[in-house]
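Good morning, and thank you for making time for this presentation. Please keep the sequence and the structure in view while I speak.

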Amino acid sequence: MFELRSRKSKILMQLLLLLMTIPYVLPLVQMVLGSLGGRGLYNYKAVWDTGVVPTYFRNSAIIAFGVILLVYFFSMTAGFGFAKLYIRKKEVYFWLILLAMTLPEVILLTPLFVTFQKLHMFNTLFAVILPSAALQIPFATLLVRDFDEGIPSELMEAARIDGANIWQVFTSVILPMTKPIASSIIVLTLVSAWNAYLLPLLFLQDPQLQVVTLLPQYFQGEFTNDQTKILAAAVLTAIPEIIAYLLMQKNFEKGMSAGALK
Amino acid sequence: MKLKQKKSSTYISGLPWVLPALIFLIIIIYYSIFYTFELSTLDWNGLDPLRKSVGMANFTKMFKDKVFWRCLKNTVVYFAITFVIQNTLGFLFAAILHSQVKLPTVHKCIIFIPYILAPATMAPVFRLMFSPQGMLQSFFDTLHLGITVNWLANPNTALYVLMGIAIWEFTGMSFILYYAAMSQVDREVLEAARIDGAGNLRTLIYMVAPHCKGTTISLAMLGIIGALKTFDIPYLITTGGPNHATEFLGTYIYRQGIRQSHLGYAAALSVTLLVLAVIGALATNYANKGD
């Protein structure tokens, strides 16, 4: 966007970028430095030796996987319907889905608490998976609809003339083309499911069902205010997320540019 | 030709494709909304078999509640400041990273990583960072500035610290959306403007920024909804304190409903929050159409 001809202006721009980026690294530096305070790497060993870390990670992974599966299925089908098929009063249905985006999870707590207890779903991973997915579906559907609108209808019609039914068109024409937006949705859903705090806090009381976002609290109880170990736990929670993001970074960016909000 | 029209996919009903998602949302989301509307007319603690109907009393109580107005004020201030700073930064990062600088991927990742880290994970870090034991304090101490960092315990500064943390967390999202929008800017048009003598700053303000207007409006909508929904950061870092200085509707609903079992009152606050969020979403959507 900037055209930089002289060497001096190039260096200045690079310097400005560096200065602007530094504040974004500082909290991470504080996290790592803090976690190494006192007895250094021993903090990590102490955290690991409590034995709860793998359980918390496993539960978070199951929740994230379940949420991604639901969000992927519902947003891909609905986004396709909205973008490419005929629906009477389409706007009404679309707004019904989008309005759900405005809902803060704190509002869900009481109604779902009462309902899940009646249905014996309280204290199961489903109690977190279902509402988390429901909260992500509206935005994902919006992204998929915008992306699918960019796919030429001729491609679908050609497949139809070749005798494919609509389900085959969806699976063999549309789905392969939606990979970029799918990776954006997977990254965004993974982030929100992995980071979910409030729903697990209330709906998962069983120690065997706790998730990674509850680790700091667990260690606050376990190591009574030994900040260094709490921060070591934070680092351990952050690492898999950062790795997952770095692995998907290229595709994620491609999806965001291709389907970007219009 | 006619046959082709009939076969055209646009005549296939999309309803069966849309209904699964819609039904799922109705069961979870719309059910909860209706339940909340009902609760908002009750005086109930969640356990008592007697659910006393009180009509609109919860709402009249709310309008007289100073903390409720404090939440609204905090939300407005929080939205205005974070929206401007976060999107200006995101826009600048996007423009700079579109300008052939070195190590673009490293910078992109550093800006976006705060977005992917859980507020719950980062909360202990920020509590330490903005306390007298943190690295900011050691930094000020080495400079002998005589500043004591205890900003989260001070009602005058706590909200601003939380805004800084929110900006830190969400700049990545603004950045990535602006970055995407800017990759669709026509380079030749920019080139032509430069030949006509427009400088970098002028091109950015008068050509690139208007091109990104749609993104800015989308970010405004996400920002309004996000500000109203704010929960994790204030709850985990300051629990709404000191003395409601960082109270938001979300944390107040939690305090009233879950902590103190005033389910009816919490539901009235929830209904208000929902109405405000819907108004915000409709208003920004209207602005978008007004192009």
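**Helix packing, the chain contact and confidence**

I begin with a helix pair inside chain B of this predicted model. Helix α5, residues 104-116 of chain B, and helix α8, residues 158-182 of chain B, have axes that come within 7 Å and cross at roughly 120°. Angles of 65 to 115 degrees would count as roughly perpendicular and those over 145 as roughly antiparallel; α5(B) and α8(B) are therefore oblique to each other. Their crossing is left-handed.

Which residues make this contact? From α5(B) they are B:Ile111, B:Phe112, B:Pro114 and B:Tyr115. From α8(B) they are B:Trp168, B:Glu169, B:Phe170, B:Thr171, B:Gly172, B:Met173, B:Phe175 and B:Ile176. Sorted by class, the contact of α5(B) with α8(B) has nine nonpolar residues, two polar and one charged.

Let me stay with chain B and turn to burial. The buried residues of α6(B) are B:Pro119, B:Ala120, B:Thr121, B:Met122, B:Ala123, B:Pro124, B:Val125, B:Phe126, B:Leu128 and B:Met129.

Is helix α9 of chain B, residues 187-195, enclosed or in the open? Of its nine residues, the number buried is zero, so α9(B) lies largely in the open. B:Gly197 follows α9(B) and has a positive phi, near 100°.

Two further backbone positions in chain B deserve a look, each with a positive phi in a residue other than glycine. For B:Leu103, phi is near 50°, and the residue sits in the loop between α4 and α5 of chain B. B:Leu103 has 14 C-beta neighbours inside 10 Å and therefore counts as partly exposed. For B:Thr239, phi is near 45°; this residue is found in the loop between α12 (232-237) and α13 (249-259) of chain B. B:Thr239 also counts as partly exposed, because it has 14 C-beta neighbours inside 10 Å.

I now move to the contact between the chains. It takes 82 residues from chain B and 80 residues from chain A. On the side of chain B that touches chain A, helix α2 of chain B, residues 15-39, gives the most, with 15 residues. By class, that side of chain B comprises 57 nonpolar, 20 polar and five charged residues.

How does α2(B) pack against helix α3 of chain A, residues 53-84? The two helices meet at an angle of about 130°, with their axes 7 Å apart. α3(A) and α2(B) are therefore oblique to each other, and α3(A) passes α2(B) in a left-handed crossing. On the α3(A) side, the residues are A:Phe74, A:Ser75, A:Thr77, A:Ala78, A:Phe80, A:Gly81 and A:Phe82. They meet B:Trp17, B:Val18, B:Pro20, B:Ala21 and B:Phe24 in α2(B). The residues of this contact of α3(A) with α2(B) divide into nine nonpolar, three polar and no charged.

A few words on chain A as a whole. Chain A contains 12 helices and zero strands. Its C-alpha trace spans about 70 × 70 × 30 Å along the principal axes. Of its 262 residues, 46% count as buried. Among the contacts in chain A with a separation of 6 or more, 79% are between residues 24 or more positions apart.

Finally, confidence. The model scores ipTM 0.86 and pTM 0.88. Chain A has a mean pLDDT of 87, with 98% of its residues at 70 or more.

Where is confidence lowest in chain B? It is lowest in helix α1 of chain B, residues 2-7, at a mean of 39, and highest in helix α4 of chain B, residues 66-97, at 94. Over residues 1-9 of chain B, pLDDT stays under 50, and the model has 12 contacts beyond four places in sequence for them. Where pLDDT is low, the predicted coordinates should not be read in detail.

Thank you for your attention.

Note on methods:
Residues numbered from 1 in each chain as written. Chains lettered and ligands numbered in written order. Predicted model: local features only at pLDDT ≥ 70, side-chain atom pairs only at ≥ 80, totals over all residues. Contact = placed C-beta atoms within 7 Å. Helix = DSSP H or I, 4+ residues; strand = E, 2+ residues; numbered from the N terminus. Nonpolar A, V, L, I, M, F, W, Y, C, P; charged D, E, K, R; others polar. Buried ≥ 20, exposed ≤ 12 C-beta atoms within 10 Å, placed from the backbone. Axes fitted to C-alpha atoms, helices over the stretch in contact; angles between N-to-C directions. Parallel < 35°, antiparallel > 145°, perpendicular 65-115°, else oblique. Left-handed = near helix turned anticlockwise from the far one by under 90°. pLDDT = per-residue confidence, 0-100.
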